[in-house]
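Welcome, and thanks for taking a look at this one with us. Here is a short tour in words to go with the view below.

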Amino acid sequence: MEALRREDPRRFGRFTVLARFQEAASAVQYVARDTGTGELAVITAARPALAAVPAFRRRFQAEARTAERLAGGWVTPPLETGSLETGSPEAGEDELLWTATAYVPALPLAEAVGIAGPLPERALRILGAGIAEILSRVHAGGSVLQGLAPGTVLLAEDGPRLTAFGPLGAAAAAEARPGGQLSVRLGYLTPEQVAGREVGAPSDLFVLGLLLAYAATGTTPFTEGPPEEAARRIAEADPELDAVPEELRELIAGCLAKDPAERPTAGTVAAELALEGAAGLARGGWLPERLAAAVADQEARVRALEAPEEAEATGTAGSADPAGEPEDAVPADAVPGAAAEAPEDAPATPTPTDPRATVATTDETPGTSTSANTGDIGEDRGTTRFLNTGPKPPQSDRATTHLALPPGLPPAPGTTPAPLPAPSHHHTYGSPAPYPAAALPPSATTAQGNNGNGNGPMVALPLPPAPAPPEGSATSRRTLIAIAAAAVGGLVVGGGAVAAIGGGETAAATDAKPPAPKPRRTLPGQPPEPRWSYSHPASESAPLTTALWRDRLLVVTSESQASAVDVSTGKRVWQRADAAKGQAAVVAGDLCFVASPTEFLWLAPKDGTVVHRVRYADGFTDLPDLQVGRLAGHSGTVIWFTGSRTVTVKAPKPKKGKKKAADKRVVQAYFFAYDIVRRAEVWRTQVPAGRAPGTPLYRVVAERSADLLVRQDAVTLTAAEVKAAKGKGSIRSFDQQTGKLRWTKQYGTAGPEAAVTGDEDGILYAGAGVHLQSFDADTGKPLWRVDGTAGSAFGTPLVAGPVLHTTERSRQVGAVERESGRLVWRRSTEVPGIGSAPALTLSSSGKTLLASDATQVTAFSAADGERLWKFQDIGAAEPKGATVSAPYRTLAVGAHIIVQRDRAFYAFPVA
């Protein structure tokens, strides 16, 4: 970091510039202050000479929009983007493109390793999981990120940040060439790039493996050397991972597999590194003490900065030159850079080999592009604000961008590539990326245009395009596609089949300024972008049940199939006819237990293979024709359920002269406890059969050390049972060890259909008319009451530590203290009318409360009831054209909430 220079702008829109932050090949970053709010920001301003190239302008703006689309999690949205007039339009320097992001204290990974050496295992897991979570979102949209490097990954107090979202931010060198060409030299290669093949999502995983290996060891996993040798080792040699922690070695080696098909997916990497999510694992701090102190020191120095005019007013500025321009008077050691200085005993930051792969492109060659045209946006011509209307994500301290160009392209006829000089006034913030530099295949080093200076060839894509080569020549159709696409700013990676993330539009090859885009308008309360979405096959009937197994699999059953979806990626793992119509998905050792209408099944989580099965006719031989109802509950290895069967009771022999009475059919019902690991019955007890024919449906409302508190479903009660209970609902207590019925009680005015739940202390919470009351389960004594809203009734509340979350048919959701019944907060989901009370789900962290009904999912802050966001989908269309309007369901898993509506599933990140 350093003082401002004479040529540096002093303002960008509403931001006042305070100091230079760092320089890169394609842009300069500044620390600035928002004049309206006083908040600090980081401005990324494109180099003017590059901004004059139309392809660069479009790409720069497209990558800013990409950052906005990816906002959330470990990506910070741009606060604003714009353009600033810097000189004469006739001189071609009329615009300075820039984006602004909120400042967050953080160190680049390369600098962090230089200060404190390799990261410990826990920090490595958090770093890798955070970046993998971003990659998973990128790949889910069919795109490729590209350009991960130690200089574009930041370590903040609460987790990692990614600051570049396309090729420009990762450029090792970039310059405007004569004739409207843009030359970019890239830093890193993957085996497929060395071979001249297309890159895809697995390429990002290879670079992630390099990044983690560097963070774990402080050096590259491939021996450094001349560019040709470095490329050969990337393509052929095994990585050196002996210094990587043993627990992570296999995973990193998988990312560095030569065959892209053998590399894991980003979701798999994220789950293996931190099943609870990077944010969950980082809770409570994650940086080593030395790095945490450096981050804190950086923050203190940045917040102490004053604008040059402010410093002059207080007498701290340097003297002005005769022309009135301020001098570069602030010494480097007086500006926030000391936090980046390594202690004397710290290991030296590794020095990388020079980047080698260079591609030049022009904006005049026609072709296809993934880059969107964007308008002139600046202080004097209107600005575009990027709004983040979802939950506030972790903030980033700068918004750089990344570029991906096709390596290894031959020079076009008639061109003489020149070496790329280093940018003027180059100043690095930390060390450059310490990976092997990108190098072309050995054959390319002797191609026409090789400058022979050891920096590798620069390949120019001239104007007009080169004539088509003959079939079978080295310049293939795939290469020409790459050339054409790169020429207009789409910058297709490695041959054109998979494009780097860009605007998603087609850009015409013209110097004319495109029309200004319309400002994006989003409504407050917009949900975060889902990490993934999954659609259950429409050929099947709607899912009957959905359940989570070990926070790893989403088990979905329908009339004909049972399926498992990987909760980290949203990809279906297996689908089988076994376990159709099943319910639950209970952990049974290393297996997944499912109860179907006719049998118990134990499935292998990997592929759904049935490892064990117990048919009810075989497992309960003394109860032939037993029909098992849905599970009443489970705890550990024990499940509870009801079963019933119909038996014929023969009439007694009639007395002499009397007619024989008809035999009777009687329903017998039992309440069972069953150990799913030992696959053995624990106990059974006969219970009232309820409304015949059928099975009494029980639900365990509370589990205590000595007994279970159980509620019978009102629809199975006979008229005689309702009358005997005087119209009130009943709770039964069963002994945990023997299953013996201990007592049956009624509570206040709580009816048979009233919502009820309990806690481990033996306190019951039940709807009583329009009120919610708590009772001592053993004595029936009322403890407190919460008044409901007019015409409403309470639904099933949710126990959450010292708080009880409430839900009402009037669509009110709230929180009360369990001890006193004091109302903490009450909010509406804003769904009009009286309907079913929303079902409640609490996120794994306990910070977010989800209320689900037939209309929407509403997210609240569990602490104070602030409405965070709402979600609705359009519903699934039936083959005959009808629209399904199924209620929403939510399931908490790690740092996400899975939302289901009929056959559609979405995984949303939540706090």
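## Two arginines with positive phi

Arg679 is partly exposed, with a relative accessible area of 34%. This residue sits in the loop that links β28 (664–675) to β29 (680–687). Its backbone is worth a look in your viewer: phi of Arg679 is near 55°, a positive value in a residue other than glycine. Please keep in mind that this is a predicted model.

Is Arg811 buried or exposed? With a relative accessibility of 10%, Arg811 counts as buried, because the cut-off for that class is under 20%.

## The chain as a whole

Stepping back, the chain contains 15 helices and 48 strands. Of its 911 residues, 56% are buried. What share of the contacts with a separation of 6 or more comes from residues 24 or more positions apart? In this chain that share is 62%.

## A buried proline in a loop

Pro528 and Ala907 are 379 residues apart along the chain, and their C-alpha atoms are separated by 9.8 Å.

Pro528 is found in the loop between β16 (498–499) and β17 (532–535). Its relative accessibility is 14%, so Pro528 counts as buried.

Helix α2 covers residues 54–69, which makes 16 residues. From its first C-alpha to its last it reaches 23 Å, close to the 22 Å expected at 1.5 Å a residue.

How many of the 16 residues of α2 are buried? The count is 15, so α2 is largely enclosed by the rest of the structure.

## Where α3 meets α11

On the α3 side the contact involves Ala112, Ile115 and Ala116, which meet Arg290, Leu291 and Ala294 of α11. Sorted by class, the contact of α3 with α11 has five nonpolar residues, no polar ones and one charged residue. As background for reading such lists, an α-helix has 3.6 residues a turn, so residues three or four places apart point the same way.

## Where α4 meets α9

The second pair is helix α4 (residues 121–140) with helix α9 (residues 266–273), packed at an angle of about 155° with axes 8 Å apart. How are α4 and α9 oriented, roughly parallel or roughly antiparallel? They are roughly antiparallel, because angles over 145 degrees fall in that class. The crossing of α4 past α9 is left-handed.

The α4 side of the contact is made by Arg125, Gly128, Ala129, Ala132, Glu133, Leu135, Ser136 and His139. From α9 come Ala266, Gly267, Val269, Ala270, Glu272 and Leu273. By class, the contact of α4 with α9 divides into seven nonpolar, four polar and three charged residues.

Methods. Residues numbered from 1 in each chain as written. Predicted model: local features only at pLDDT ≥ 70, side-chain atom pairs only at ≥ 80, totals over all residues. Heavy atoms only, no water. Contact = heavy atoms within 4.5 Å. Helix = DSSP H or I, 4+ residues; strand = E, 2+ residues; numbered from the N terminus. Nonpolar A, V, L, I, M, F, W, Y, C, P; charged D, E, K, R; others polar. Expected span 1.5 Å × (residues − 1). Buried < 20%, exposed > 50% of the residue type's maximum accessible area, 1.4 Å probe, protein only. Axes fitted to C-alpha atoms, helices over the stretch in contact; angles between N-to-C directions. Parallel < 35°, antiparallel > 145°, perpendicular 65-115°, else oblique. Left-handed = near helix turned anticlockwise from the far one by under 90°.
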